[in-house]
Amino acid sequence: MKEFLYTILIRILSVLPVTRKKVLFMSYYGSQYGCSPKYLSEYITQHHKDWKVVWAFTEPQKHSISGILKVRYLSFRYFYELCTSQVIITNYRMTSLFHKRKGQTYIQTWHSSLRLKMIEKDAESSLPPHYVEMAKKDSLQIDYLLSGCTYSTSIFQRCFWYDGPILPTGTPRNDVLFHPNVSLKQKIKERLQIPEQTKVVLYAPTFRKGNSMECYNLNYTQLIHSLQKQQNTDWVVLVRLHPHLRNLSQSLLKDEKQVLDVTDYDDIQELLCIADMVISDYSSLIFDFAMTLRPCFLYVPDLEAYTSKDRSLYFNIRELPFPISLTNEELCHQIERFQINSYQKQVTSFLYTIGSYENGQACEKVFNYLSSL
């Protein structure tokens, strides 16, 4: 019944004129203020004040953001803005309630610069049928899809059910990683109550089928000991589980010392900004963090099971430039013997091989396309 009423409302609102220089942003169906839509939004509000910026949130009251209009996702005002904005920008699939109008432009930023796990048509057999149907319909409405590198472009051309323009702009959310901002880092550390001189390691694994928690068995005490052995300074571990697991993260970490649960932190790029080191597994954030040339380690105790039962990978994980470990002991050993110079050479070579478009100017490049519409 709700979907029927929404459809009627959309038809009524679609008789209204489309407003030029108005852009509607969403990130993960309004659940957060982050990813590439956030950085595009901030670029526009800072540099092009003649544009009206609208954001859709499931809980607008949680977000205090200057220079934008906030609307509640699936409210009357949301549908009004959806039907009358000249540009719609999101990082995830739009649902069947979206029907692009003449005069509207739909830009899909997607939510990674490069993937390790196979996606969309390449992973169709492991995706729910209703998602595949939604993805196919959504792709028919996209006007521009953003890409972070030539390798991603080839993936999108093959698997996205889309044959339109793929813009070689780089990934807007990665711009912040190219522009060191001391005041931003201080602000983030203050928010998390981390002393300025304390080093930060971010543990950010992806989710498993069925939201299994068995593989998140990092030994934090052993890890911190190895970190201090490698660099004689204070360390704190930030743990950001996938948003699907936010209700389970507290139980996993309740007795840990020098460990902070940041699963509810909206913008993972800000966490990457303050991270001196990252530990992950199959998450695409490893490719974002590679831009910084700071150490990234892969902890994958379930490697065989994951690749055979959960999701196939685009790369042989052992051929990536990131040290890989199957056990806590291996991980600590990798950290203690880590050599930054050889690591950075390998990462630089990898970025060249994938044909990275990233140079810190993605937001500007995307807006140049917008301004030409």
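A crossing of two helices is right-handed if the near helix is turned clockwise from the far one by less than a right angle, and left-handed if it is turned anticlockwise. The exercises below use a predicted model.

**Exercise 1.** Describe how α1 and helix α3 pack: which angle, which axis distance and which handedness?

Solution. 
- Two packed helices are described by the angle between their axes and the distance between the axes.
- For α1 and helix α3 (residues 76–84), the angle is about 45° and the axes are 9 Å apart.
- That angle makes α1 oblique to α3.
- Residues Y6, L9, I10 and L13 of α1 make the contact with F76, F79, Y80 and C83 of α3.
- The handedness of the α1 and α3 crossing is right-handed.

**Exercise 2.** Find which residues make a nonpolar surface patch, and where L5 lies.

Solution. 
- The patch is made by M1, F4, L5, I8 and I12, and has an area of about 560 Å².
- One of these residues, L5, lies in helix α1, which covers residues 2–13.

**Exercise 3.** Classify the pair α7 and α12 from the angle at which their axes cross.

Solution. 
- Helix α7 spans residues 220–230 and helix α12 spans residues 328–336; their axes come within 8 Å and cross at roughly 15°.
- Angles under 35 degrees count as roughly parallel, so α7 is roughly parallel to α12.
- On the α7 side, the contact is made by Q222, L223, S226, L227, K229 and Q230; on the α12 side, by N328, E329, L331, C332, I335 and E336.
- The crossing of α7 and α12 is right-handed.

**Exercise 4.** State how many salt bridges the structure holds, and locate the partners D138 and R93.

Solution. 
- Side chains of opposite charge can pair when their charged atoms come close.
- The structure holds 16 salt bridges.
- In the salt bridge of D138 with R93, the closest N and O atoms are 2.9 Å apart.
- D138 is in helix α4 (residues 129–139), whereas R93 is in the loop between β4 (85–90) and β5 (105–108).
- The two residues are 45 residues apart, and the pair links distant parts of the chain.

Definitions and conventions. Residues numbered from 1 in each chain as written. Predicted model: local features only at pLDDT ≥ 70, side-chain atom pairs only at ≥ 80, totals over all residues. Heavy atoms only, no water. Patch = residues over 30% accessible without salt bridge, like charges linked within 9 Å, V, L, I, M, F, W, Y side chains within 5 Å. Areas by Shrake-Rupley, 256 points an atom, 1.4 Å probe, with all protein chains shown as cover. Salt bridge = Lys/Arg side-chain N within 4 Å of Asp/Glu carboxyl O. Helix = DSSP H or I, 4+ residues; strand = E, 2+ residues; numbered from the N terminus. Axes fitted to C-alpha atoms, helices over the stretch in contact; angles between N-to-C directions. Parallel < 35°, antiparallel > 145°, perpendicular 65-115°, else oblique. Contact = heavy atoms within 4.5 Å.
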